Amino acid sequence: MRVNMTVNGEQRQADDVWEGESLLYVLRERLGLPGSKNACEQGECGSCTVYLDAVPVCACLVAAGQAEGREVRTVEGLADGDRLDPVQQSFVDAGAVQCGFCTPGLVVAAHDLLARVPEPADEEIREALAGNLCRCTGYEKILDAVKLAATRGASA
Amino acid sequence: MEFLRPATLAEALAVKAERPGAVPIAGGTDVMVELNFDHRRPEALLDLTGIAELGEWSTADGNVRLGAGVPYTRLIEQLGARLPGLAMAARTVGSPQIRNRGTVGGNLGAASPAGDTHPVLLATGGTVEVASVRGIRLIAADDFYLGVKRNALADDELITAVNLPDAKAPQQFSKIGTRNAMVIAVCSFGLALHPEQGRVGAAIGSAAPTPRRSRAAEDFLSGELTDAGLWESPAPLRDSVCRRFGELVAEGTEPIDDVRGSAAYRRHALSVLARRTLTWAWQEYRTGERSCA
Ligand SMILES: Cc1cc2nc3c(=O)[nH]c(=O)nc-3n(C[C@H](O)[C@H](O)[C@H](O)COP(=O)(O)OP(=O)(O)OC[C@H]3O[C@@H](n4cnc5c(N)ncnc54)[C@H](O)[C@@H]3O)c2cc1C
Ligand code: FES
Ligand code: FES
């Protein structure tokens, strides 16, 4: 089947989509947006987190057809050209990126948190990121990154 | 495989009548896992997310009608005061990403013994509204769960809503998991006080083939509260009453040993959950202040 959606502000079309295919597969394999990562395909790791109509979801659990006519924003759509989003920049500055596999999902989840709660408490950050696994950092630097982004007023 | 996207409920019901093998998909948080792992290859997916009315809730005559497709996040944000028990359960589901997609309708469709909303629907006296081209049926939550992952839906039916009374008194939900977030319940417990009926609702999850009411415990506690006149002049509960309530809850279970916990642990944990949730709910009933969860 064919799926039409707006991705990062652009109208995109994917052809020959299998009916049981996930949005994640379409984004990565058909639209050339490898930012969202595929790790578990069962909603456990959060590395595929994208915005669907402004709501963060696991792209691996959205059927491609469910995105028809809807708006998707991936980690690639957060930066403004070469200028990183403040949340992205804070992850770099705080050393919250090691292998980087979990980073895109965490950045989207943190971006959403800060848009809703500009000055989150530690527990709020932990709860908001509870669906994102990182195997490298031990999470402390990730918490630092989110707090740094908050002080920089990252809620654009 | 086909991907069907009805725009209205009537259309969806017509499709379901014609093609009972079409698998409904709402948030997809159960369905997509099965597809991604090739555990299921249905002839068609019936996407319900384009049907606006399934994503709405309304209130009338002291009841909430919660559309089957309302995601947990919206339930928590918008109905926390009217449906505190259900909102508490919803808050324990998965992660924000899962709660943003997952729905009560999907929890009912999957009918897992571990589904978090089930003990609350049982304890609060919820009814499941289902529809088909043949008409609408209201199924009491009590009659909805038939076996492990089996529910009372006919092949041509869709879940359209759940109906729950506005909470008139404290409700509680509590769940045991190996960590704070992202875990399936090892066991869970829902409690609702119904002072206007002089009755307590109590139900367990993950400790029998289906979610189920703890009837002996309900009857015992309802009797104690009524006999002692405690609904009208609520005094602290005697420890022996709380303990007996917990014991009766534990006796009403039929747990299994599995990777998440032993049967003995589940039984014990449920007696503790029952006692604790009762203490919290009663404290709130007496003082008007929520003491936990
Ligand atoms: C990482 C992860 C964590 C999870 N954690 C929890 C948890 O903590 N607690 C918990 O209870 N669950 C949990 N789940 C399971 C799942 O999120 C819930 O069961 C959720 O409520 C399913 O809702 P959904 O809308 O996504 O359902 P879907 O996946 O869309 O559907 C689930 C089932 O219901 C059927 N269905 C859906 N809507 C209807 C309808 N209107 N009429 C008839 N049938 C219908 C579908 O055909 C399917 O069989 C988790 C899942 C994941 C992936
Ligand atoms: S790949 Fe989607 S949550 Fe892990
Ligand atoms: S940086 Fe490697 S998984 Fe998080």
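Hi everyone, one definition before we start: a residue counts as near a molecule if one of its heavy atoms lies within 4 Å of it. What you see is a predicted model, where local features need pLDDT of at least 70 and side-chain atom pairs count only at pLDDT 80 or more, while totals for chains, interfaces and linings use all residues. Residues are numbered from 1 along each chain as its sequence is written, chains are lettered from A and ligands numbered from 1 in the order in which they are written, and side-chain values use heavy atoms, with hydrogens and water left out.

So, ligand 1. Its surroundings comprise 34 residues, with B:P24, B:T29, B:D30, B:Y72 and B:T103 the closest. The site is shared between chains, because residues from chains A and B surround ligand 1. α6(B) gives the largest share of the shell, 4 residues (helices are DSSP runs of H or I, at least four residues, numbered from the N terminus).

Now the polar contacts, meaning pairs of N or O atoms within 3.5 Å. A polar side-chain atom of B:T103 sits 2.6 Å from a ligand 1 oxygen. From the backbone, an N or O atom of B:G94 is 3.1 Å from an oxygen of ligand 1, and one of B:G106 is 3.4 Å from an oxygen of ligand 1. Taken alone, ligand 1 exposes 980 Å², and the protein buries 92% of that (Shrake-Rupley accessible areas, 1.4 Å probe).

And what classes make up the shell around ligand 1? There are 17 nonpolar, 13 polar and 4 charged residues, with Gly counted as polar, and Tyr, Cys and Pro among the nonpolar ones. Thanks, everyone!

Technical notes. A polar contact is a pair of N or O atoms within 3.5 Å; within protein, one must be able to donate a hydrogen and the other to accept it, and residues adjacent in sequence count only if both atoms are side-chain atoms. Helices (H or I, at least four residues) and strands (E, at least two) are DSSP runs, numbered from the N terminus.
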